[in-house]
Amino acid sequence: MGIFIKLSWFFKQQKKRYIAGVLFLLLADLAGLIPPRVIGVLADLMNDRQLTLQLLFLWVGLLALAALVQYLSRYGWRNMIWGGAATLERELRTSLFSHFMKMDETFFQRHRTGDLMAHATNDLNAIQNVAGAGILTLFDSILTGGTTIIAMMVFVDWRLTLVALIPMPLLAVSARVLGRRLHQAFGESQAAFSRLNDKTQESISGIKVIKTFDQNQPDVADFEKIINKTVRINRKVYRIDSLFDPTTSIIIGLTYAITIAYGGWLVTTHVITLGQLISFVSYIGALVWPMFAIGRLFNVIERGNASYDRVAELLGEQSLIKERPGAIEALAGSSIDYHVAQFTYPDDQQPALTKIDFDLAAGGTLGLVGRVGAGKTTIIKLLLREFDNYDGTIMIGGKNVKDYTLEGLLSAIGYVPQDNFLFSSSVRDNIRFAAMDKSDLEVQAAAQQGAIHDDIQNFRNQYDTLVGEKGVSLSGGQKQRLAISRALITMPEILILDDALSAVDAKTEMQILENLKQERHNKTTIIASHRLSAVVNASEILVIDDGRVVERGTHEQLLALDGWYAEMWQRQQISAEMGADQDGRD
Amino acid sequence: MAETNSTDKENQTHQSAWTQSISTKDQVKIIARVMKYALPFKSYFLIALVFSAFLATINILLPRLLQYFMDHFLNKGNTAFNIILDFAALYFLGTVLKAILQFFSNYLYSMGSEKTLENVRLVLFKKLHTLGMRYFDLTPAGSIVSRVTNDTMSLMDFLAVFASVLTGLFAIITAFIAMYTTNSVSAWIVLGFLPILLLAIWYYSHYSSRVYRHMREKLSELNVKLNESIEGINIIQEFRQEKRISDEFEATNQDYLNARKAMIRTNSLLLSSLINLLYALAIVAVLTHFGLVAQNQFVEAGVIYAFTTYVSNFFNPMSDMMDSLSSLQDGVVASSRILRILDDQTYAPAQNEGAHGEIKMGKIEFRHVSFSYDGKNKILNDISFVANPGETIGIVGHTGSGKSSIINVMMRFYEFYEGQILIDDRDIKDYPMSEIRRKIGLVLQDSFMFYGDISSNIRLFNQDISDEQVYDAAKFVQADRFIEKLPGKYHARVIEGGAKFSSGERQLLSFARTVVTDPKILVLDEATASIDTETETLIQEGLHRIRQGRTTIAIAHRLSTIRDAEQIIVLDAGKIVEMGSHDELLAKHGHYYQLYQLQQGQN
């Protein structure tokens, strides 16, 4: 029951809705007591040949009235209670979403997208169930159960009621037990489903290898094995699921049998009339659902409670990145002084960066090169304040980055990340992502700087073309160029390209770098790249390995050094000429 | 660009199925076709339905038993208690029988549905394996996976609709018969409500499917936005768009809430509440009729009891039926997408009928082969060359010159329509596909790794390959060096896509995979991924070893790899522009010479 207390903030907020809902429920329950009694009364009257037309219309009119009241109040409580559940789900979804928006990199490294999605869908569903089915069953079992039992005692016979109700609690018990087992079996079934999903995913992704080694038949056989296993696991689910109805039937059957025996005896001994027995049998029918619901209530509460705790825990996590009170709102300049003695990722043992120092004057270009995983991106992440827990200081325009507001700092930086994530909106809205008020002309100019304008012209709907699953599927190079245009449209004081040209061919790369040079004089640029041609003109190049600076200098100085940089330069010149073969299908 | 546009179109047809409305005629056609996959399991369904018919019968016999009891014993007074007990026991036995029937009819029907569902999955999976690479180029992997796993899932609901409709029909028919035999006039009165009910069902299914579809669309939009915002959180935060994105999300969230409330309203107005209202009104009408009859004639209480129970039996299944109708639409949409895959004609290239050749020598000849992916732009143009058994042919050329396409047609991943490829002087189409796959070993650039362990990744599914052979192959390409260092060695786990391994290690494993099958002909697509110097040396050494005694077609990025090749083909824009040995080509002072100079200059 703790979950109802945890959700009390919501019930208070929706007080009117829930009070109205419960009142409607009560009204529906009271109206529901009438038909069984009327049927019994009329049966008696007819059986005793005492039914006058007047009496008939009186009772039948009452019945019609009850039906109408029941219909209206049912409509009322359904809208109130189910609507309340839907509202709760929306509220929680909103708070989760805005919480996600506020959280830092550490949070997103700990929680994978799939997990966060699961919290925002499955957990919310379990919680809203408490505010819907939970509230309903709680009040329904109390109200319907209570009023029906009272009606049985008042209209029929209290002894019969007590005796006939003996098997009823079994309904609640069976609903609870079966519900729990079903939930367990269902968990296994879902695991089987994801195995199937993974297998399919793998076969489709690896289809070329499978074809190459003529493994189609064995792959199908393997799939069939997984299918058979899934059937075996699901068999259990269906077995338990199919037990619900029969169990209810037997328990109700027992109640009926007791009613027939004891009630029949009471009729023959003239304690109750036949009509009363008929009413009683109908009332039993009305009790089935509330009793069963009690059992389900426990399961709903249990799951809702666990889900609520998970969501609350998530919402309780705080971003480690905090703005200082009175933080500076605009960048004081675009020079960068970067001095980090050490940085270790949260939850990691090994430091990711050690002794990274560089001073970049405003308008300068810094090149960061090195193997994959050397730490280039980490250097950038600290600059973007994705992490604050490093040993050292990073200054922009002579002020510590931690002294700026996030808005002030980040809006002055244009960032093109490695994975160039695009949103499923139009090409235009993707380019002006950071500034939706930009005109078509400005969007086009940014696209030209990113050397993607010509490609866009060839799309079916040009700038209105949708990006992503529903629209055009872009090549890696197109995505990168779009991401570059997105960063350029705000004309940022500092531009950071994080391996952002890797999928772009050499000629286009040259063109983009040239555009940058033209448009961005006096503005600071950081280029991290695997391909050295991107950093040839940088004012300083740092070669990073294992989180440390191993070589540094201009392109010429590094070549003269004849170290890692010089060797890589030679190798890349060769493969640039030979090219990865894509058959122009890129 | 043509390529991108066709993908574009493909995607749109894939995605928009949700929003299309399908004509009733097509719906029936789709349902009929999908139902064929349930045929192998018809016994499950038939027995389940027979049981459910029995169940409906018991449901009317039990009230009749009580009616008899009331009218013949209770009405008489002073009935012996043991007779009363007998009736109670009989009634209880009836419910036990009912419970048994309920269990088996539910269980068998569910199992039949489950087997149908898994059968469709298997059929789909098999079909996918017959499709050509072109299909996989054009269709995003995610959408294929979702067809096999999620869309098949809605078939379950689909079959559930049939179950509820049929069970409903049984209940209605048996209830009507029971009413008719009890009191025919009243039975007709109740039946008079049926048109109203059908109208309500029709209206509900018509109206609700629209509301429901709208709600589902909003939900999927909501989840797409949520997913995208989590994945793109870095971008959102870096570009300070949290507020805008939150506002957009909030708008969708509100839309979904509104859609859901509309659905709740529709359901409250039309679903079980309405059925209940109609039921109550039917009771009013029936009781009025009995009341009027009772003015002149004797009406027994048991009759009232039995009849009102039948009326409830008559109406009860209706709300289930109506409820399930909303998922009918889901099922039709999902089925249409499943059928689209089953109807797809993008088959993998087929061999000539009765092909039975055996590759013994390993001679390869291309005769005027031209090829295009889309039927318009020629990627290969009039390619001719001969590789004698044991020789190495090197292929070089710029990006987009058509190097990979030579492999794609030779491996029969794609069909070519002009020219001829001969192996041992016999048309490649006259060999069974399995022979081609077994005798031609392809070392792929992108070495995909499967979930499992190291040795299963080397032998793949082929259980004929012994552990010894796996070790030998790994040793041969010197992959054993890093394998031996792994925890569990050959049984070290490989997770999704081989993320734990470097691209160099993956490359070596892919060599071992090829070596273990001992092919006559080798096709190499040299990887361009940057690999550390030490592994690079291992790879070069590995390549050299594998080529021994095999006819090799090698696509090279480093000229040193193919320097000793018998022939080197220089490709440009799909055409052979130069051909000859390393020395001959150098002497020509052409394309090859330039490439060589460049690489020499660097070294």
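## Residue A:Val416

A:Val416 counts as buried because 26 C-beta neighbours lie inside 10 Å, and 20 or more are needed for that class. The model in which this residue is described is a predicted one.

A:Val416 belongs to strand β6 of chain A, which covers residues 413–416. Leaving aside residues up to four places away in sequence, A:Val416 touches A:Ala483, A:Ile484 and A:Ala487, as well as A:Ile496, A:Leu497, A:Asp498 and A:Ala500.

## Sheet in chain A

Chain A has an open sheet of 4 strands, in the order β2-β1-β4-β5, with antiparallel pairing. Its edge strands are β2 (353–360) and β5 (399–400) of chain A, each of which pairs on one side only.

Strand β4 of chain A, residues 390–396, is paired with β5(A) in the antiparallel sense, over 2 bridges. A:Ile396 has A:Lys399 as its bridge partner in β5(A). In general, the strands of a sheet pair through backbone hydrogen bonds.

## Contact between chains A and B

The contact involves 122 residues from chain A and 131 residues from chain B. On the side of chain B that touches chain A, helix α4 of chain B (residues 81–130) gives the most, with 27 residues.

Sorted by class, that side of chain B holds 65 nonpolar, 43 polar and 23 charged residues.

How values were computed
Residues are numbered from 1 along each chain as its sequence is written. Chains are lettered from A and ligands numbered from 1 in the order in which they are written. This is a predicted model: local features need pLDDT of at least 70, side-chain atom pairs count only at pLDDT 80 or more; totals for chains, interfaces and linings use all residues. Two strands pair if DSSP finds at least two bridges between them. Two residues are in contact if their C-beta atoms, placed from the backbone, lie within 7 Å. Ala, Val, Leu, Ile, Met, Phe, Trp, Tyr, Cys and Pro count as nonpolar, Asp, Glu, Lys and Arg as charged, and the others, Gly among them, as polar. A residue is buried if 20 or more other C-beta atoms lie within 10 Å of its own, exposed if 12 or fewer, and partly exposed in between; C-beta atoms are placed from the backbone.
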